Amino acid sequence: MERCLIKEERVTINILNWLESNGWKIICYDFPQSGTGVLIHPNSVENRTTKNKGGIIPDIIATRNSVALFFENKDRFVLSDFEKIKEIKTLGNYSNSLNTILSDFNITSIYYGIGIPAIERHINKSLENIDGIDFLISTLESGEIQINFDENEVLL
């Protein structure tokens, strides 16, 4: 069962389907190496010396009511993504771009999380590092979704 490999694209598709079936509006999404998502730029001017320097493409941004969700998805546990999400969340260093993308939606809260395959070792490593993010969503190949929250957050 641990050998079941789920590609990042499948993780993203499963989460998109789950979000839409639960009333979330998808603002943007991106598949690995597709370049089809929305690039968000850092707030600092010194990072704008080249067109995309320091920019990131969220895997999913979705809204419902006055809440937005920001996702990074992977096919396994990747510590650097947890660090990146924690930095974006705590420093607000991409807030100008995010506010622009979400300006039509009257957003009062943004929650930051990670989507991964429902593979026990990746979930366990992710839960050891959940303190820097708001939620963790894992998915089976079949599309079944499991949600793990930071105990201080309630959003879905």
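Reader: What pattern does the chain follow, read along the sequence?

Author: Read along the sequence, the pattern is α-β-β-β-α-α-β-α-β-β, and the chain has four helices and six strands. Helices (H or I, at least four residues) and strands (E, at least two) are DSSP runs, numbered from the N terminus. The model is a predicted one, in which local features need pLDDT of at least 70 and side-chain atom pairs count only at pLDDT 80 or more, while totals for chains, interfaces and linings use all residues. Residues are numbered from 1 along each chain as its sequence is written, and side-chain values use heavy atoms, with hydrogens and water left out.

Reader: How do you know what span to expect of helix α1?

Author: The expected span is 1.5 Å times one less than the number of residues. Helix α1, residues 8-21, has 14 residues and reaches 20 Å from its first C-alpha to its last, which is close to the 20 Å expected. After α1 comes Gly 23, with a positive phi near 85°.

Reader: Why is Arg 64 called partly exposed?

Author: Buried means under 20% relative accessible area, exposed over 50%, and partly exposed in between (1.4 Å probe, protein chains only). Arg 64 has a relative accessible area of 24%, and is therefore partly exposed. Arg 64 is found in strand β2, residues 60-64, and a polar atom of its side chain lies 2.7 Å from the backbone oxygen of Asn 22. By contrast, the buried residues of α1 include Val 11, Ile 15 and Trp 18, and buried residues make up 44% of the 156 residues in the chain.

Reader: What makes a set of residues a nonpolar core?

Author: Such a core is a set of buried Ala, Val, Leu, Ile, Met, Phe, Trp, Tyr and Cys residues joined through side-chain atoms within 4.5 Å. The largest one has 21 residues, and those with the most contacts inside it are Ile 40, Phe 70, Ile 114, Ile 133 and Leu 136. The elements giving two or more residues to this core are β3 (67-73), α2 (79-91), α3 (95-101) and β4 (109-117). A second, separate core of 17 residues includes Ile 6, Val 11, Ala 62 and Phe 135.

Notes: Polar contact = N/O pair within 3.5 Å; in protein donor to acceptor, adjacent residues only side chain to side chain.
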